[in-house]
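Me: I would like to learn how to read some features of a structure. Please take them one at a time.

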2 protein chains.
Amino acid sequence: MSTIKEVARIAGCSTATVSRTLATPDKVSEATRGRVTRAIAQVGYTPNGAARSLRRRESRTIVALLPDISNPFFSEIINGIEDVAHQAGYRVLIGDCERDPARAGAYFDLLPANQADGVLLLTADVPRALVESAQHQGRFPLVMACEFFNDIDLPTVAVDNYRAACQAIDYLISLDHRRIATISGPAANPICRERERGYLDTLTAHGLAEHALTLCGDFGVHSGYVQGLSLLAPSKRRPTAIFCHSDEMAIGVLKAARQLDLDVPKDLSVVGFDDIRLSEYCDPELTTISQPRSRIGQQAMRLLLGLIRGETITAQQILATQLIVRQSTGKPGQG
Amino acid sequence: MSTIKEVARIAGCSTATVSRTLATPDKVSEATRGRVTRAIAQVGYTPNGAARSLRRRESRTIVALLPDISNPFFSEIINGIEDVAHQAGYRVLIGDCERDPARAGAYFDLLPANQADGVLLLTADVPRALVESAQHQGRFPLVMACEFFNDIDLPTVAVDNYRAACQAIDYLISLDHRRIATISGPAANPICRERERGYLDTLTAHGLAEHALTLCGDFGVHSGYVQGLSLLAPSKRRPTAIFCHSDEMAIGVLKAARQLDLDVPKDLSVVGFDDIRLSEYCDPELTTISQPRSRIGQQAMRLLLGLIRGETITAQQILATQLIVRQSTGKPGQG
DNA sequence: CTGAAAGCGCTTACAG
DNA sequence: CTGAAAGCGCTTACAG
């Protein structure tokens with residue numbers, strides 16, 4: 001690989017001038033600039049990123065940590081993140097934590113190593129110590145999106161999960177449902193607790209608290225199927241509606257209902273969460289709560305850029321959700 | 001951030017010894033090693049990655065370029081890549097090219113900049129010049145997975161798309177289908193052409209060439225729906241089976257069939273490709289061709305590591321696919 | 001507008 | 001087993 005030295009030699013100037021031509025071209029005379037530009041093209045020079053990072057003390061890379069890359073919910077958020085990041089000249093390193101906290105740790109290590117300038121946390125399922133140390137000593141730029149910690153205040157972009165759940169349950173009650181069950185995401189997840197609170201409060205407000213019944217899944221389609229089967233088992237007094245914390249789980253419930261010969265929406269109404277692309281293509285099409293995923297990603301990245309620039313940001317941005325009514329919900333049958 | 005200098009000062013040794021303690025601990029006396037280790041823990045030292053990369057002339061980062069991160073087909077491949085990469089101490093930078101060749105270019109630029117040690121190309125939809133230059137001058141490590149270029153030989157891990165298509169069509173013919181249509185991915189895509197060739201050859205072998213009919217989509221669910229609608233329009237002599245180049249498109253066809261009041265599989269058989277997680281949860285469950293996604297990712301990463309180590313690799317690894325018969329295929333009805 | 005020089009934080013051949 | 005020193009390729013304050 002050619003270096004700045006070689007370019008300088010060919011252009012007949014110092015390396016400082018080559019560097020300036022790249023960084024602040026208006027500080028270089030037109031003639032010199034021309035010679036340098038030609039020399040760069042001639043040898044196909046690309047600045048060495050490691051040297052540059054070392055010198056500038058910045059990597060122009062940010063890390064986006066996901067709980068699970070296979071969850072389609074995240075792909076559009078990532079697109080939003082990348083749009084803003086690339087425009088600002090930043091690279092996005094996508095970190096998939098899976099269920100492995102060690103992986104999250106490895107990504108956090110990039111910060112003190114000067115390999116990343118900030119972290120976008122799309123999951124709260126990460127060792128608390130990591131986040132706290134980020135807050136304390138290093139005090140490096142950290143923004144949360146979608147999820148949050150109950151007891152750690154961070155710049156955050158999220159939706160109002162409480163209200164979204166209220167809206168879904170209100171809608172089901174307006175349809176005359178009374179036995180409304182929930183399939184939640186992981187019990188410990190703060191956004192799930194918010195949704196659960198909205199569910200319970202709305203039920204209570206309508207005198208239906210006694211019918212409350214929540215089972216937990218893991219957001220994945222299989223867990224929705226399994227818990228759906230259990231909620232809909234013929235022996236029980238089955239719910240006429242199920243509110244799911246993800247579309248994937250709702251699609252799992254659809255399969256459980258089919259298997260038990262229950263018609264959706266006649267025998268069972270199903271509401272999902274997220275509005276993933278396939279929710280419009282399952283049978284029946286899913287009523288769900290749409291999140292502004294692309295905007296969540298964009299806003300979160302904007303906050304992070306602000307933090308990196310040294311601005312003080314304490315914003316908790318709450319974006320609006322929207323209940324999308326499709327075919328999986330209706331008035332309860334004679335059930 | 002603390003540096004190696006500070007650690008050396010606290011441990012009462014030179015920076016060289018600190019460095020050695022990290023890189024080759026057995027070359028350091030036990031006593032010194034102890035002092036250094038304690039000093040590192042005390043100040044919370046993490047080596048500066050940029051300085052290290054600059055010095056070692058390697059980044060321990062590889063780039064995985066995807067055509068579209070929202071395609072669920074890729075998530076398991078990425079998991080496979082990351083498994084192998086992390087074990088070998090490499091980071092994976094996921095690059096989403098979308099439809100923007102400029103983005104691919106930006107990721108390739110990391111190579112000469114010494115910010116990445118190799119590229120895993122999961123799409124052939126990338127400016128040819130980029131790949132060729134990779135081959136020529138820089139000659140940097142490059143491995144293809146899933147896709148390939150017709151006329152550029154690269155180390156590749158893929159499945160036998162031709163045989164997979166033959167198998168699917170043979171199966172449909174064995175069921176007595178004669179009018180079998182295809183919804184292909186992008187016409188220019190080499191893997192789609194392979195599948196198309198398998199489709200045509202098998203039809204021809206059975207004297208059914210006259211019934212060949214292929215429409216193109218983009219692998220996404222919406223395009224499958226649109227092309228399905230067009231293939232199944234009541235006015236035409238409609239096919240009794242459709243072979244789709246992705247599960248998402250097959251799910252789109254399922255919706256088109258529903259909308260036209262066609263029963264699957266009685267009126268129409270549908271075969272997908274990929275065996276994405278949701279293919280088991282749609283209605284009816286999808287007959288499809290399963291690819292060993294995790295292994296594709298692992299093998300590709302292994303090849304790339306070999307290349308990085310300087311081994312000469314010209315392997316074209318072909319992994320086996322499997323036809324998974326579920327509920328979306330059956331004997332044609334009275335048609 | 002331009003160059004000489006220092007220095008970012010590491011690693012490693014060399015000498016002892 | 002250990003240290004002094006050079007150097008990886010940049011950038012930038014300083015001097016002119």
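Me: How are two packed helices described, and at what angle do H5(B) and H12(B) pack?

Reply: Two packed helices are described by the angle between their axes and the distance between the axes. The axes are lines fitted to C-alpha atoms, for helices over the stretch in contact, and angles run from 0 to 180 degrees between N-to-C directions. In this predicted model, helix H5 (residues 73-87) and helix H12 (residues 293-308) of chain B pack at about 40 degrees, with axes 7 Å apart. That makes H5(B) oblique to H12(B); angles under 35 degrees count as roughly parallel, over 145 as roughly antiparallel, 65 to 115 as roughly perpendicular and the rest as oblique. Helices (H or I, at least four residues) and strands (E, at least two) are DSSP runs, numbered from the N terminus.

Me: Is the crossing of H5(B) and H12(B) left-handed or right-handed, and which residues make the contact?

Reply: A crossing is left-handed if the near helix is turned anticlockwise from the far one by less than a right angle, and right-handed if clockwise. H5(B) and H12(B) cross in the right-handed sense. Residues in contact have C-beta atoms, placed from the backbone, within 7 Å. Those of H5(B) include B:Ile77, B:Ile81 and B:Val84, and those of H12(B) include B:Ile296, B:Ala300 and B:Met301. By class, the contact of H5(B) with H12(B) has eight nonpolar, five polar and five charged residues. Ala, Val, Leu, Ile, Met, Phe, Trp, Tyr, Cys and Pro count as nonpolar, Asp, Glu, Lys and Arg as charged, and the others, Gly among them, as polar.

Me: At what angle do H10(A) and H11(A) pack?

Reply: The angle between H10(A) and H11(A) is about 45 degrees, and their axes are 7 Å apart. H10(A) is therefore oblique to H11(A). Their crossing is right-handed. Among the residues that meet are A:Tyr225 and A:Leu229 of H10(A), with A:Met249 and A:Val253 of H11(A). Ten nonpolar, five polar and two charged residues make up this contact.

Me: How many residues of chain A are in contact with chain B?

Reply: The size of an interface is often given as the accessible area lost when the parts come together. Here the description is by residues: 37 of chain A are in contact with 37 of chain B. On the chain A side, H4, helix H5 (73-87), strand S2 (91-96), helix H10 (221-232) and helix H11 (247-259) each supply at least two residues. H4(A) has the largest share, five residues. That side divides into 19 nonpolar, ten polar and eight charged residues.

Me: What should I know about numbering and confidence?

Reply: Residues are numbered from 1 along each chain as its sequence is written, while chains are lettered from A and ligands numbered from 1 in the order in which they are written. Local features need pLDDT of at least 70 and side-chain atom pairs count only at pLDDT 80 or more, whereas totals for chains, interfaces and linings use all residues.

Technical notes
Two residues are in contact if their C-beta atoms, placed from the backbone, lie within 7 Å.
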